[in-house]
Amino acid sequence: MENTIKITVIDREEVEHVLDAPTDMAMNLMELCKAYDLPVKGTCGGMALCASCHVYVRTDQDIPEPSEDELNMLDSAFFVQANSRLACQIKLNNSLDGMVVKLAEEGE
Amino acid sequence: MGELNAHTNTIETDILIIGAGPVGLFAVFEAGLLKMRCHILDVLPQVGGQLSEIYPKKPIYDIPGYPSILAGELVDNLMKQIQPFQPGFTLGDRAETVEKQTDGRWLVVTQRGIRHLSSVIFIAGGLGSFEPRKPPIPNIERLEDHGVDYFVRNPELYRGKNIVIAGGGDSALDWTIYLADMAQSLTLIHRRTEFRGVLDSVEKVMELAHSGKIRLVTNAQVTAVHGESHLDALTVQHDTEGAFQLPTDHFIPLFGLTPKLGPIGEWGLGVDKGAITVDTLDYSTNVPGIYAIGDINTYPGKLKLILCGFHEATLACQSAFKFAFPDKKLSFKYTTVTGIEGIPATSEKV
């Protein structure tokens, strides 16, 4: 399908979900997860102001570097690792085809 | 406007609005047009909800009539708009319990024990009440209020004590600066090398560390709390240098706030995925006299938008009037025709 890529999201129970992700709808990864009813809260609506869409990127994709806002937020998040990102800051585009991410544990 | 009944020490009002975000504030306006008095209760010390707490400097583009408005400005404007109706405020306090009285009114008692009596309750709680984010440290709950404090309520408590603050934001920096002189020892622990607080505070903290007044441990996290009836030590895990123990009287983790539904979740209201289910006819809940408006409610087709919350508040007020004053006639008026007739102030600030 044109303008559709595959993204694999591994949930907190280690279940793999292979998602068809549209790249022509200005969607981000947090919104994609919510659209598929995966347990991602996205509390702040995508402003990098909560860490409820914290994920670990398992594959080597060309994702733009995190913004200062995202780094600041990750700074106060828990369970942060070197490959931590906020899904709301990852805009879906064709270069992300085949990406694998794992949902981080939920902080209190 | 909530009236304080001196005899019972209870705030009495027509509508108790839980949540001082934009939707809760606008409900005061719509209620005021119907001559209903309002009192607003919020867990945060200031009005505005997430607009003030999370994104005051961010622009909002979908408020009708405003091509762009900063969240903080919208809150200021709403406060001006509701000023004629003199709402009362209980801020920095959380609604804990609700109880139906024999006269049909609701009694809501807060965490601090303040009593609010109202004909109707509007829950405009947004994402829920903002509560401190607790670091995922095993058994930390056991020592909460016994050496583990998520807020600095009384700085004097820390005089002459061994204090550890964790976090890298403004509140961690500000309290480090404030408590540095009072504490016996103060250690600031941060996961990264860089701090994201305002530059001035960062510089002050660096100076304090340089002069030996505080100990700064970066690239490290607290991974365990120790103590029987009271905290006595922490385990700190450094990214490269391993773990060490730190004798501690008080541990203050400052990782910001996160919204939780809180005690309202136990009020017997219909809840679906953390949101309160309502009837879109008037945004009433399953409990007559309790309404839920704004981001905290859910119904088929729900959109979490401020502008939708304004609409919900408006319809809920019409229904609330009929509920509170079943014998009175309600006539619908345009503000352009009738203007704004305020309600005289007799409110008590709590």
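1. A friendly place to start is one residue of chain B: Ile69(B) is partly exposed, with 17 other C-beta atoms within 10 Å. On this scale a residue is buried if 20 or more other C-beta atoms lie within 10 Å of its own, exposed if 12 or fewer, and partly exposed in between, with C-beta atoms placed from the backbone. Ile69(B) belongs to strand β5 (residues 69-70) of chain B. Helices (H or I, at least four residues) and strands (E, at least two) are DSSP runs, numbered from the N terminus. Leaving out residues up to four places away in sequence, Ile69(B) touches Pro59(B), Ile60(B), Ile63(B) and Leu74(B); two residues are in contact if their C-beta atoms, placed from the backbone, lie within 7 Å. Lys57(B) is 12 residues from Ile69(B) along the chain, and their C-alpha atoms are separated by 9.4 Å.

2. A word on what you are looking at. This is a predicted model, in which local features need pLDDT of at least 70 and side-chain atom pairs count only at pLDDT 80 or more, while totals for chains, interfaces and linings use all residues. Residues are numbered from 1 along each chain as its sequence is written, and chains are lettered from A and ligands numbered from 1 in the order in which they are written.

3. Next, chain B as a whole. Its secondary structure comes to 7 helices and 22 strands, and its C-alpha trace spans about 75 × 50 × 40 Å along the principal axes. Chain B has 350 residues, of which 42% count as buried. Among its contacts between residues at least 6 apart in sequence, 63% join residues at least 24 apart.

4. The largest nonpolar core has 52 residues, and Ile17(B), Ala27(B), Val28(B), Phe122(B), Ile123(B), Tyr291(B) and Ile293(B) have the most contacts inside it. Helix α1 (residues 22-33) of chain B gives the most to this core, with 8 residues. Such a core is a set of buried Ala, Val, Leu, Ile, Met, Phe, Trp, Tyr and Cys residues joined through C-beta atoms within 7 Å. Apart from neighbours within four places in sequence, the contacts of Phe122(B) are Ile15(B), Ile17(B), Ile18(B), Gly24(B), Ala27(B), Tyr291(B), Ile293(B) and Ala316(B). There is also a second, separate core of 31 residues, which includes Ala172(B), Leu186(B), Leu234(B) and Ile252(B).

5. Helix α1(B) also has a helical partner. It packs with helix α3 (residues 71-82) of chain B at an angle of about 20°, with their axes 9 Å apart. Axes are lines fitted to C-alpha atoms, for helices over the stretch in contact, and angles run from 0 to 180 degrees between N-to-C directions. The two helices, α1(B) and α3(B), are therefore roughly parallel to each other; angles under 35 degrees count as roughly parallel, over 145 as roughly antiparallel, 65 to 115 as roughly perpendicular and the rest as oblique. The residues of the contact of α1(B) with α3(B) divide into 10 nonpolar, 2 polar and no charged. Here Ala, Val, Leu, Ile, Met, Phe, Trp, Tyr, Cys and Pro count as nonpolar, Asp, Glu, Lys and Arg as charged, and the others, Gly among them, as polar.

6. Asp170(B), Leu173(B), Asp174(B), Thr176(B), Ile177(B) and Ala180(B) of α4(B) meet Ser201(B), Val202(B), Lys204(B), Val205(B) and Leu208(B) of α5(B). That contact divides into 6 nonpolar, 2 polar and 3 charged residues.

7. Two residues other than glycine have a positive phi. In chain A, phi of Glu14(A) is near 70°; Glu14(A) sits in the loop between β1 (4-10) and β2 (16-22) of chain A and is exposed, with 7 other C-beta atoms within 10 Å. In chain B, phi of Tyr283(B) is near 65°. Tyr283(B) lies in the loop between β20 (275-277) and β21 (290-292) of chain B and counts as buried, with 26 C-beta neighbours inside 10 Å.

8. Lastly, chain A and the meeting of the chains. In helix α2 (residues 68-76) of chain A the buried residues are Met73(A), Leu74(A), Asp75(A) and Ser76(A), and the buried residues of α2(A) pack against β4 (84-86) of chain A. Between the chains, 18 residues of chain B are in contact with 13 residues of chain A. The side of chain B that touches chain A divides into 7 nonpolar, 5 polar and 6 charged residues.
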